[in-house]
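Hello,

Here is the structure I promised to pass on to you. Please open it first, and then read my notes below alongside it.

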Amino acid sequence: MWHLLHVTIHLCYFAINIANALESHLISKGLLRRYKSLHISKLQYLAIVIESEDCRTSNVIELLQWLADLGVKHVCLYDMEGILKKSKDFILEKFDGATLFQENDVLLDQPLMTLEFASFSDGKEAVAKAANVLFMKYLKSGSTSSYQGEQIFTESQMGEALKTVGGNGPEPDLLLVYGPARCHLGFPAWRIRYTEIQHMGPLKSMKYGSLIKAIYKFTMVQQNYGK
Amino acid sequence: MERIGERVIQIYGNLVSLLRKCIFCILSVGPIPNHIAFIMDGNRRFTKKCKLMKGAGHKVGFSALMSILKYCYEFGVRYVTVYVFSIENFKRSPEESIVNRYGVRVIFSGNLKLLSEPVRLAAERAMLATDKNSKAVLSICVAYTSTNEIMHAVQESCEEKWDEITILNSSGAGYGLISLGGYEQDEMDHLIKLNDIEKHMYMAASPDPDIIIRTSSETRLSNFLLWQSANCYLYSPSVLWPEIGFRQFLWAILNFQRIHFYLDKQRQQS
């Protein structure tokens, strides 16, 4: 009975995927008027989370080319195991429309796309390193009184400490997940407070039309006060 | 006439409940999520949509919450967490019947010092009253943001480390630790470990969530469980919170079961 239920679900998803593929085809041919003009300027910083086992550099480079064509200026590529980080030089060499994101870069309009590479170690482990930085600062400040249980650190001090250890880039507006499930896979927590997270399916079946649709959906979102 | 009407409603209610239990029986062949979290978004929009009086959406939302809790605990989900966006959501506490029936321990997670005195006292009373319950846990996140949680955990870790060093120093075993002369640079960079931080999180009493459900089609986490959701399935049904029902719950469970093997593998790798 359980298996029957799940086979039915699989069939539903199969049908949904066919419908999505068709829609994506129409969007990429420019046949759906709604998606013809994208307000790409609303997308300041885009993060792409890719399932590590799926990280084929040829697909990644093609995706970057699509993003460059759409006018996306700043991208962060993330995978849990850091495979993309290791292939950083190869990707930058093969895709000549980008430079490496420097931490002190301000998000201005630039001719080339900036690319940042991140992995799981830039998340929780970076917070542990930042905690040590803050602890050292407190000790070195020479304060001899013990903590009073009041607030010693502020969130902005935490943010600064994270920057020192290299774990605090800009907050993405939109995060696209290329993998089997809608799950951010450990993208640095400090940076995704109000990030819209959308699931794109596996990287190997990525479609240009689906990318346009995802960015279009993002540009239509109205965030309430208090987010 | 009225009695017949009541009887019919009662029989209908029992049939629905029986059907639900059958569905849960079938579903429990597969993996059951240990922890589900909810972002209860859409109460105000519901009020506007249905042209109700102010606050009515929250009342309906509260009933929706009680139903969802019932489904969760009936199915065998041990930990449930809810994000209380606005204090309006929080004006009532979970019905005693649900808490007692399912042996639920209620925990309020967040920076409770920010709450007003009567609210904080009510929360403390609820936590005390349910302290002995051990079958299931309901975490109510109030005055909570993830970034505040992380910062608070870092601070607590630093305080703990400071106390450790002070004790070692005063017992003469400090080796001059206060001035840190006794530590190598490498050791100084790792005085505070990830485990130290994690045990001071507001949500340390619960395991990482398996599913986070946010209603109203909103696809962001809004500073909720950012640390704990690395391997968590994020589901955003289009219904507003007061409209959430068994259908959405069922769909979340089915999808969770579809990808459970993958998420479990990810969890073990991290």
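**Chain A as a whole**

In chain A, 71% of the contacts with a separation of 6 or more are between residues 24 or more positions apart. Please keep in mind that this is a predicted model. The secondary structure of chain A comes to 7 helices and 6 strands, and along the sequence these follow the pattern α-β-α-β-α-α-β-β-α-α-β-β-α. Chain A has 227 residues, and buried ones make up 48% of them. The chain exposes about 11300 Å², of which carbon and sulfur atoms supply 53%.

For residues 1-21 of chain A, an unreviewed UniProt entry carries the annotation "signal peptide". In the model, this stretch is 95% helix and 0% strand, and its end C-alpha atoms are 30 Å apart.

Chain A is divided into domain 1 (8-37) and domain 2 (40-142 + 153-221). The centres of these two domains, taken over C-alpha atoms, are separated by 26 Å. How many residues of domain 1 of chain A are in contact with domain 2 of chain A? There are 7, and they meet 7 residues of domain 2.

A residue to look at here is Arg33(A), which lies in the loop between helix H1 (2-28) and strand E1 (46-50) of chain A. Is Arg33(A) buried or exposed? Its relative accessible area is 74%, so Arg33(A) counts as exposed, the cut-off being over 50%. Asp89(A) is 56 residues away from Arg33(A) along the chain, and the C-alpha atoms of the two are separated by 39 Å.

**The nonpolar cores**

The largest nonpolar core has 110 residues, and Met158(A) and Phe249(B) are the ones that touch the most other members. Leaving out residues up to four places away in sequence, Met158(A) touches Val127(A), Ala130(A), Leu134(A) and Trp190(A) in chain A, together with Ile150(B), Met151(B) and Val154(B) in chain B.

**Strand E4 of chain B**

Over in chain B, strand E4 (residues 136-141) is mostly covered, with 6 of its 6 residues buried. In a regular strand, side chains alternate between the two faces of the sheet. Which residues of E4(B) sit on each side? Ala136(B), Leu138(B) and Ile140(B) are on one side, Val137(B), Ser139(B) and Cys141(B) are on the other, and all are buried.

E4(B) pairs with strand E2 (residues 79-83) of chain B in the parallel sense, over 5 bridges. In that pairing, Thr81(B) has Ser139(B) as its bridge partner. Strand E3 (residues 104-109) of chain B also pairs with E4(B) in the parallel sense, over 6 bridges, and there Val106(B) stands opposite Leu138(B).

**A buried loop residue in chain B**

Lastly, please look at Ser216(B), in the loop between strand E5 (211-214) and strand E6 (233-235) of chain B. Ser216(B) has a relative accessibility of 8%, so it counts as buried, for which the cut-off is under 20%. What is Ser216(B) in contact with, leaving aside neighbours within four places in sequence? Its contacts are Asp41(B), Gly42(B), Arg45(B), Pro237(B), Ser238(B), Val239(B), Leu240(B) and Trp241(B).

Happy exploring, and best wishes

Key
Residues are numbered from 1 along each chain as its sequence is written. Chains are lettered from A and ligands numbered from 1 in the order in which they are written. This is a predicted model: local features need pLDDT of at least 70, side-chain atom pairs count only at pLDDT 80 or more; totals for chains, interfaces and linings use all residues. Side-chain values use heavy atoms; hydrogens and water are left out. Helices (H or I, at least four residues) and strands (E, at least two) are DSSP runs, numbered from the N terminus. Buried means under 20% relative accessible area, exposed over 50%, partly exposed in between (1.4 Å probe, protein chains only). Contact means heavy atoms within 4.5 Å. Accessible areas come from the Shrake-Rupley method with a 1.4 Å probe; for residues, only the protein chains shown count as cover. A nonpolar core is a set of buried Ala, Val, Leu, Ile, Met, Phe, Trp, Tyr and Cys residues joined through side-chain atoms within 4.5 Å. UniProt positions are given in the numbering used here, feature names are shortened, and annotations may be inferred rather than shown by experiment. Two strands pair if DSSP finds at least two bridges between them. Domain bounds come from an automatic or database domain assignment.
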